[in-house]
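Let's take a friendly look around this structure. Have the sequence and the 3D view open as you read.

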Amino acid sequence: MTVSEKIKFAMNADKMARSLLIMDSNKMVALAVVECPKLTEQEVESIARSRNVSEEVLRTISKKREWLKNYTILHSLVNNPKTPVGISITLLPNLKTKDLGLLLKNRGVPEPVRVLANKYLKTRART
């Protein structure tokens with residue numbers, strides 16, 4: 001299939017096909033999967049958790065406010081090492097205290113994210 005055919009297919013694909021297309025090396029195809037109207041929150045959770053997707057896909061997920069209302073998507077984005085640091089930092093205040101503590105122990109996330117998580121944890125402990 002050509003790239004344009006894959007993009008068209010991604011807009012109407014079923015769940016199994018979307019899970020394969022999201023791993024495509026071409027960013028345009030993966031972004032077309034994220035823009036698919038049939039995409040469910042469970043699929044978005046698994047995409048946000050996946051370490052095989054591009055940064056651009058994670059960026060697109062973080063821009064959709066209705067998806068960020070789902071705590072597991074938010075949590076998965078912050079814990080994904082491929083999520084850009086700027087996005088992870090803006091999402092940190094929304095995490096629960098318990099999850100901030102677990103984030104400190106996660107060596108997969110960038111150091112600035114862990115440092116800020118520690119700061120938020122100490123601030124919450126004082127109040």
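## The nonpolar core

Keep in mind that this is a predicted model. Its largest nonpolar core has 34 residues. Which of them touch the most other members? Those are Ile-22, Val-57, Ile-61, Leu-92 and Leu-103.

The largest share, five residues, comes from α3.

## A look at Ile-61

Let's zoom in on Ile-61, one of the core residues that touch the most other members. Setting aside neighbours within four places in sequence, Ile-61 is in contact with Val-34, Val-44, Ile-47, Ala-48, Trp-67, Leu-68, Ile-73 and Leu-77.

## Rings and charges

How many aromatic pairs turn up? The count is zero.

Lys-64 sits over the face of Trp-67, 5.2 Å from the ring centre. Over the face of Tyr-71 you'll find Lys-96, at 4.7 Å from the ring centre.

## Arg-18, tucked away

Now hop over to helix α2, where Arg-18 lies. Is Arg-18 buried or exposed? Its relative accessibility is 5%, so Arg-18 counts as buried, the cut-off for that being under 20%.

And what does Arg-18 touch? Not counting residues up to four places away in sequence, the list runs to Ala-10, Ala-13, Val-33, Cys-36, Lys-38, Leu-39 and Glu-43.

Notes
Residues are numbered from 1 along each chain as its sequence is written. This is a predicted model: local features need pLDDT of at least 70, side-chain atom pairs count only at pLDDT 80 or more; totals for chains, interfaces and linings use all residues. Side-chain values use heavy atoms; hydrogens and water are left out. A nonpolar core is a set of buried Ala, Val, Leu, Ile, Met, Phe, Trp, Tyr and Cys residues joined through side-chain atoms within 4.5 Å. Buried means under 20% relative accessible area, exposed over 50%, partly exposed in between (1.4 Å probe, protein chains only). Helices (H or I, at least four residues) and strands (E, at least two) are DSSP runs, numbered from the N terminus. Contact means heavy atoms within 4.5 Å. Rings of Phe, Tyr and Trp (its six-membered ring) pair if their centres lie within 6.5 Å; planes under 30 degrees apart count as stacked, over 60 as edge-to-face and the rest as tilted. A charge sits over a ring if NZ of Lys or CZ of Arg is within 6 Å of the ring centre and within 35 degrees of the ring normal.
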